[in-house]
Amino acid sequence: MHSLKVGYLALASSRASCSRRLFSPEFIKSSACCRCSDGQARFGHTVAKPEETQVIRVPRYLQKQVENVKQTRGKNKINTIKAGKLLVQSKNPALNQSAGYILGKFEQPVLSSKGWKHTKSFGDYFIINNTKTTAPFVGENQKEDIEEETFKKLHICKELLDALERINITHPTTVQLQTIPKVMKGHNILCAAETGSGKTLSYLLPIVHRLQAVKKSEMDSENAHKIRTVVLVPSRELAEQVAAVSRTLCAPFGFLTRTVGGGRGVGHIKMVFKRDQPEIVVATPGALVKALRRGCLDLSELSFFVVDEADTMFDPSFCDMLQDILLHTNIASDPKETRGPGHKAQLLVVGATFPGGVGEALNKVTDLGSIVVIKSKMLHFLMPHVKQTFLKVKGVDKILELHQALKLLQQKKGVLEGSVVVFCNKSTTVNWLGYSLEEMGVQHARLQGEMPAAVRAGIFRSFQKGLVEVLICTDIASRGLDTSKVHLVVNYDFPESHTDYIHRAGRVGRAGGVEDGEVLSFVAHPWDVELVQKIETAARRRTSLPGMESDIHEPKPKIKNK
Ligand SMILES: Nc1ncnc2c1ncn2[C@@H]1O[C@H](COP(=O)(O)OP(=O)(O)OP(=O)(O)O)[C@@H](O)[C@H]1O
């Protein structure tokens, strides 16, 4: 029926536009010239007999439209709907895809976001449903039949086991099971695992364990108070967070942990290291470079050098500083070099995304051949335990949609305390949105990179404690910050890259966090659509996000100069 209608429309439009030309003798002559020897027209169908004067041509684009309509009307349509839960739920039910349906290798998925560059698509949406209830990186290790003492099996000392128990951590996650033994053995490590999978403990636990073992033998030596570990992170907030975990673990042994972040003067940095040198320093690259240049730090006894959030740290904006810092360190290229007098430092590179190019950047600063790669199975995949909704919406309507989403969540949860993170692409949008939500009576905090250090301090902590309902922020909050209480992440502006999408979405569905976390993304601009389509394709195909293929699984040794 529909195809007939399109056919009729084609006929009518073709008639209207060509009516005058159709009946002119010149046109008939030229159209006869276009015919091939077998009497068929070369372009499109010609619905006329040679002896008649009326020639009606259906342009190619209309023929294509008719084909499209035929396809969606079911002629060539693939049935992607089976009994059971839906993997992709679309506004147009014909585009739903069941969790039980597996696309063939050469089968092209029909996307709900296909026409989203068109203005008529406003109001359209699709949902990638959660097909699992728990994160794959915790579920596997918390089965009843696996004994409670798994951390003990990893040879973690008693004091650390007790410290973990006090914060209710009993079973290691997959990444912890894989990483801890390798760090204990003295290997350089590249650890690539999903957001929220517990990477911080996977390096801090073996570090503190080994420091206490060494400390026992060096109790009275002159090296007793020297910096043993440097952890490099991209933001001040993350430095404070990692330092807090470190302090919990270090408490039984009396080790000191200190942080240095950017935005403060050299005076402050000098103050941090004036008194005793701490065993563990957690720093941002800018502050650490300043401290090293002023000679505030002595890294001669360094045992561990950790680069957390590696994709950001190897980004061109940080890479030069990182190389500068690495010049002050002596990285081991063999586990044997990490022990005894004159030992060198172990390099631990950690992250949730390793886009192509990280391997190359890493090659500049160290010998990749010495690195053991630990890579999780689900790296760069969409999280199967988090529901992700994509809504095509006009820019002006985004604030109303956000308000609606907050109201719905409040009805569902009762209170919003610290449970929503809203990401914007620019600091100015964060400020503007803040003022608008204020007028709507939504209690919130703002966090963006252009804030002065003194204003920024403590904002994230107060959100974590639940003192504010909503955090409006830029991507500075998307890397590494632990948001275990968060139920909803909103991409008010659609992220500019897959990497940003993975990190933002990773603020929900974290180990030990709330279980029903969701992501809501507003898609307002035509330039956002390509990324949305890639994400939808990856969800329907159940593959990792494209463009994230990195060479980390095949580290090539650096060719040494004579
Ligand atoms: N074995 C465990 N069992 C339960 N919870 C854990 C375990 N290990 C860590 N956690 C908790 O999981 C949360 C996430 O940990 P962490 O911040 O280390 O993740 P991450 O992998 O570094 O994430 P991101 O990639 O976002 O930086 C924290 O609240 C932490 O306390």
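This is a predicted model: local features need pLDDT of at least 70, side-chain atom pairs count only at pLDDT 80 or more; totals for chains, interfaces and linings use all residues.
1. A residue is called buried if 20 or more other C-beta atoms lie within 10 Å of its own, exposed if 12 or fewer do, and partly exposed in between, with C-beta atoms placed from the backbone. By this count T483 is buried, because 25 other C-beta atoms lie within 10 Å. The residue sits in the loop between β14 (470-473) and β15 (488-491); helices (H or I, at least four residues) and strands (E, at least two) are DSSP runs, numbered from the N terminus. Beyond its neighbours within four places in sequence, T483 is in contact with V421 and R507, where contact requires C-beta atoms, placed from the backbone, within 7 Å.

2. Residues are numbered from 1 along each chain as its sequence is written.

3. On the chain as a whole: the protein chain holds 20 helices and 16 strands. Of its 562 residues, 40% count as buried. Among contacts with a separation of 6 or more, 74% join residues 24 or more positions apart.

4. On the domains: the assignment gives domain 1 (86-136 + 381-541) and domain 2 (154-217 + 225-375), with bounds that come from an automatic or database domain assignment. The C-alpha centres of domain 1 and domain 2 are 31 Å apart. Their contact takes 16 residues from domain 1 and 21 residues from domain 2. On the side of domain 1 that touches domain 2, α17 (453-456) and α19 (498-505) each supply at least two residues, and α19 gives the most, with 3 residues. That side of domain 1 divides into 6 nonpolar, 6 polar and 4 charged residues. In this classification Ala, Val, Leu, Ile, Met, Phe, Trp, Tyr, Cys and Pro count as nonpolar, Asp, Glu, Lys and Arg as charged, and the others, Gly among them, as polar.

5. On a pair of packed helices: two packed helices are described by the angle between their axes and the distance between the axes. Helix α11 (residues 285-293) and helix α13 (residues 316-327) pack at an angle of about 35 degrees, with axes 10 Å apart. Axes are lines fitted to C-alpha atoms, for helices over the stretch in contact, and angles run from 0 to 180 degrees between N-to-C directions. The crossing of α11 and α13 is left-handed, that is, the near helix is turned anticlockwise from the far one by less than a right angle. P285, G286, L288, V289 and L292 in α11 meet F318, M321, L322, D324 and I325 in α13. This contact comprises 8 nonpolar, 1 polar and 1 charged residues.

6. On helix α7 (residues 174-185): its buried residues include T174, V175, Q176, T179, I180, K182 and V183. Just after α7, G186 takes a positive phi of about 100 degrees.

7. H380, which is not a glycine, has a positive phi of about 70 degrees. H380 is placed in the loop between β10 (371-375) and β11 (387-392) and is buried, because 24 other C-beta atoms lie within 10 Å. R542, also not a glycine, has a positive phi of about 60 degrees. R542 lies in the segment after α20 (526-541) and counts as partly exposed, because it has 14 C-beta neighbours inside 10 Å.

8. On K120: is this residue buried or exposed? K120 is exposed, because 9 other C-beta atoms lie within 10 Å. The residue is found in the loop between β2 (97-98) and β3 (125-128). K120 and G512 are 392 residues apart in sequence and 42 Å apart in space, C-alpha to C-alpha.

Conventions: Two residues are in contact if their C-beta atoms, placed from the backbone, lie within 7 Å.
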